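Please keep the sequence and the model in view while reading.

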Amino acid sequence: SVGAYGVYDGMTAIALSIEGDGLGSTATLAGGLLIDSSVISNAVAADAYGVLIGQDAIVPEIVLHGNINTSVSSETAMNGYGLFIDANGTMPTLVNTGLIVVNYFGETGNAFAVMDASGTLSTITNSGNITAQIIQTDDDLSDNIDPPPITGSAVALYLSASSANVLLEQIAPTIDTEDDANDNVIAGDPRITGAIRLGTGNDTIDLLAGTITGNVSFGAGADIFNVNNGAIYTGQLNDTDGLLPLNITNGQLNLRGGSVDITQATFGASSQLSVLLSGVPAETTFIESSGTVTFLAGAEIVPLSVEPEDRIIVLAPRPEDEILCCGGIIQKAVSMNVPVKIVFLTYGDSNQWSFMMYRKHPVFAGCLATQGPDKFFHRNGIMRAVQDEPPAAPVKSFHPSFPVPAFQSFARPVG
């Protein structure tokens with residue numbers, strides 16, 4: 001293993017660096033670089049690099065069977081890099097069967113799993129895990145004050161400087177038998193988590209296994225996005241010049257809002273298109289095609305699916321509206337153990353049927369009782385504190401297979 005640890009605040013950490021002398025001499029690894037173990041880099045209030053392909057370095061290929069793990073903790077804007085290619089470095093090929101993870105603890109800095117400032121990286125084959133994430137920090141968990149919002153960027157693949165024709169291929173993992181019996185294990189499904197930013201070349205993404213979760217920005221060029229073998233993409237798509245065909249042969253395309261211009265799209269018999277629809281136009285998914293969009297028999301168009309990492313809040317004008325309008329998505333979320341909050345904005349006492357139901361089966365009261373004495377329940381048209389009058393009946397759900405999520409009320413009488 002190779003590690004770099006910034007012991008003191010403000011110390012840049014670089015675990016592995018390959019570079020020339022800056023005077024014209026190059027550092028060349030003719031056979032490429034194989035990383036079969038761990039590269040770890042940690043910094044506090046400073047930048048951190050896992051692997052740095054620096055100035056005048058020439059590395060034809062990096063093959064990663066091990067892991068690159070970079071961590072930065074900072075209240076000010078810093079950067080964490082898993083693999084960084086300097087503007088004057090050269091590294092055209094990356095093969096990852098292992099793990100590249102960058103964690104940034106803070107809100108204002110950036111996490112880059114792979115950052116290519118040279119424009120030379122043109123082939124990426126991933127059957128492992130490439131993840132960039134920003135994690136909000138809270139210095140005082142007892143003050144009930146949320147940490148500041150995240151303003152930094154979590155980017156899995158930053159290739160915006162490239163004018164080459166980039167090929168990103170994500171494939172199923174295979175058994176590695178190269179020279180180490182300990183490696184002969186099939187990994188989990190491959191995944192890329194974080195934004196992907198491409199340049200001005202004719203770029204292709206072949207998503208042939210696992211998942212990609214994060215916004216993808218295609219630059220200018222005749223780009224292509226292919227999904228097959230049951231793979232799943234979730235995020236927003238953007239293409240600068242609208243020259244993007246979509247080929248979803250077998251898999252899911254989950255578009256979480258945004259606007260994308262395409263030339264054509266084909267959805268195969270085993271494909272699924274999920275789109276985010278919202279009353280706020282800026283949040284809704286818009287797809288505009290200059291050509292034909294084809295759905296073969298068996299293809300599905302469904303509302304955007306619930307993801308395991310999601311958190312859901314439902315705003316209901318009055319009790320029962322959450323079931324009538326969002327019952328299906330609530331049931332799906334609860335079945336996946338996704339946190340759900342329901343906020344009632346009024347008593348609902350103008351609706352006599354609803355009011356009678358809640359008097360007979362105090363679902364609202366029982367659920368709120370589990371939330372603590374500072375919450376309230378609804379009885380006889382009056383909001384009462386749980387600590388003053390506990391509910392007389394246990395919580396009942398609307399259906400045996402429909403577990404009850406958490407309820408809260410900011411209610412006022414109707415009318």
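A surface patch is made of residues with over 30% relative accessible area and no salt bridge, where like charges are joined within 9 Å and nonpolar side chains (Val, Leu, Ile, Met, Phe, Trp, Tyr) within 5 Å. The model is predicted: local features need pLDDT of at least 70 and side-chain atom pairs count only at pLDDT 80 or more, while totals for chains, interfaces and linings use all residues. Residues are numbered from 1 along each chain as its sequence is written, and side-chain values use heavy atoms, leaving out hydrogens and water.

**The chain as a whole**

- The chain contains three helices and 36 strands; helices (H or I, at least four residues) and strands (E, at least two) are DSSP runs, numbered from the N terminus.
- Of its 415 residues, 45% count as buried, where buried means under 20% relative accessible area, exposed over 50%, and partly exposed in between (1.4 Å probe, protein chains only).
- Among contacts (heavy atoms within 4.5 Å) between residues at least 6 apart in sequence, 63% join residues at least 24 apart.

**Negative patch**

- E75, D138, D139, D140, D143 and D146 gather on the surface in a patch of negative charge.
- Asp and Glu count as negative and Lys and Arg as positive, while His and the chain ends are not counted; the place of a charge is taken as CG of Asp, CD of Glu, NZ of Lys or CZ of Arg.
- D143 lies in the loop between β15 (129-135) and β16 (154-158), and D143 counts as partly exposed because its relative accessibility is 31%.

**Nonpolar patch**

- Y5, V7, Y8 and M11 form a nonpolar surface patch, together having about 480 Å² of accessible area.
- Y8 is found in the loop between β1 (2-5) and β2 (13-18), and V7 also lies in the loop between β1 and β2.
- Y8 is exposed, at 59% relative accessible area, and V7 counts as exposed at 65%.
- V7 and V44 are 37 residues apart in sequence, and their C-alpha atoms are 7.9 Å apart in space.

**A buried strand residue**

- N126 belongs to strand β14 (residues 123-126) and counts as buried because its relative accessibility is 0%.
- Leaving aside residues up to four places away in sequence, N126 touches N96, E169, Q170, I171, P190, R191 and I192.

Definitions and conventions
Areas by Shrake-Rupley, 256 points an atom, 1.4 Å probe, with all protein chains shown as cover. Salt bridge = Lys/Arg side-chain N within 4 Å of Asp/Glu carboxyl O.
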